[in-house]
Amino acid sequence: MKIIALAAAFGVMATAAFADSHEMAAPTGDAEAGQAIFDRNCVACHVVVNDEGETLAGRNARTGPNLYNVTGRGIGAAEDFNYSDAIAALNEQGEQWTEENFVGYVQDPTGWLREITGDNRARGRMAFQLRSEEDAANVYAFLASLAPAADTEEEASADN
């Protein structure tokens, strides 16, 4: 009986640790500055189009995936986009676009992929690099500002 109780206790602790490690922290960057950087550098390849088909940022770019709700979503999880093998592998592992992952990737896509996968042949399809960590964090904050807010309708109905 003690073994079962001990196993249950470890299970609860592991679940709590897993949940804490996957909570999304508030972005550290400046969303307004990030919009200017996005408009200057990212719109050539990326667009942000919400689920209703409304363009929130960018133009009709199709080189890169739609970045709507990218913050916190699975790496390589945008529908209808053909990702590199390295990005697809990270998706299968359940990796997410946290601020840390996003900032590392947009500063050096190939280097970041090689580091995180441990595969020196890993490559992504994005060649562009943002020059500074601050710029990357600002773009992340801008994209987070375009993500849908928590569904307040569901919360309101749960309270009734």
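Read along the sequence, the chain runs α-α-β-β-α-α-α-α-α, which amounts to 7 helices and 2 strands. Helices here are DSSP runs of H or I with at least four residues, strands are runs of E with at least two, and both are numbered from the N terminus. The model is predicted: local features need pLDDT of at least 70, side-chain atom pairs count only at pLDDT 80 or more, and totals for chains, interfaces and linings use all residues. Residues are numbered from 1 along each chain as its sequence is written, and side-chain values use heavy atoms, with hydrogens and water left out.

**The chain as a whole**

Of the 160 residues of the chain, 32% are buried. Buried means under 20% relative accessible area, exposed means over 50%, and partly exposed lies in between (1.4 Å probe, protein chains only). The chain exposes about 10400 Å², of which carbon and sulfur atoms supply 49%; the areas come from the Shrake-Rupley method with a 1.4 Å probe, and for residues only the protein chains shown count as cover. A contact means heavy atoms within 4.5 Å. Among contacts in the chain with a separation of 6 or more, 47% are between residues 24 or more positions apart.

**Helix H2 and its cover**

Helix H2 comprises residues 31-42 and spans only 14 Å between its end C-alpha atoms, whereas a straight helix of 12 residues would span 16 Å at 1.5 Å a residue. The expected span is 1.5 Å times one less than the number of residues.

Which residues of H2 are buried? They are Gly34, Ile37, Phe38 and Cys42. They lie on the same side of H2 because they cover an arc of only 105 degrees around the axis, the arc being that of the directions from the helix axis to the C-beta atoms. An α-helix has 3.6 residues a turn, so residues three or four places apart point the same way. The cover over the buried residues of H2 includes strand S1 (47-49), strand S2 (55-58) and helix H6 (133-146). On the face turned away from the buried side, H2 carries the exposed residues Glu32 and Arg40. At the start of H2, a side-chain oxygen of Asp30 comes to within 2.9 Å of the backbone nitrogen of Glu32.

Cys42 is buried, with a relative accessible area of 12%, while Cys45 is partly exposed at 31%.

**Two residues with positive phi**

Most residues other than glycine have a negative phi, and most peptide bonds are trans. Asn69 has a positive phi of about 60 degrees although it is not a glycine, and Asp80 also has a positive phi of about 60 degrees without being a glycine. Asn69 is in the loop between S2 and helix H3 (85-92), and Asp80 is found in the loop between S2 and H3 as well. Asn69 is partly exposed, whereas Asp80 is exposed.

Phe102 is in helix H4 (residues 99-107) and is buried. Leaving out residues up to four places away in sequence, Phe102 touches Trp97, Ala136, Val139, Tyr140 and Leu143. Phe102 and Ile75 are 27 residues apart in sequence, and their C-alpha atoms are 9.3 Å apart in space.

Helix H5 (residues 109-117) contains Thr110, and Gly111 is also in H5. What does Thr110 touch, not counting residues up to four places away in sequence? Its partners are Ala122, Arg123 and Gly124. Gly111 and Arg121 are 10 residues apart along the chain, with their C-alpha atoms separated by 9.9 Å.

The table lists relative accessible areas for residues discussed in the last two sections.

| Residue | Relative accessible area | Class |
|---|---|---|
| Asn69 | 31% | partly exposed |
| Asp80 | 81% | exposed |
| Phe102 | 6% | buried |
| Thr110 | 16% | buried |
| Gly111 | 28% | partly exposed |

Note on methods:
A polar contact is a pair of N or O atoms within 3.5 Å; within protein, one must be able to donate a hydrogen and the other to accept it, and residues adjacent in sequence count only if both atoms are side-chain atoms.
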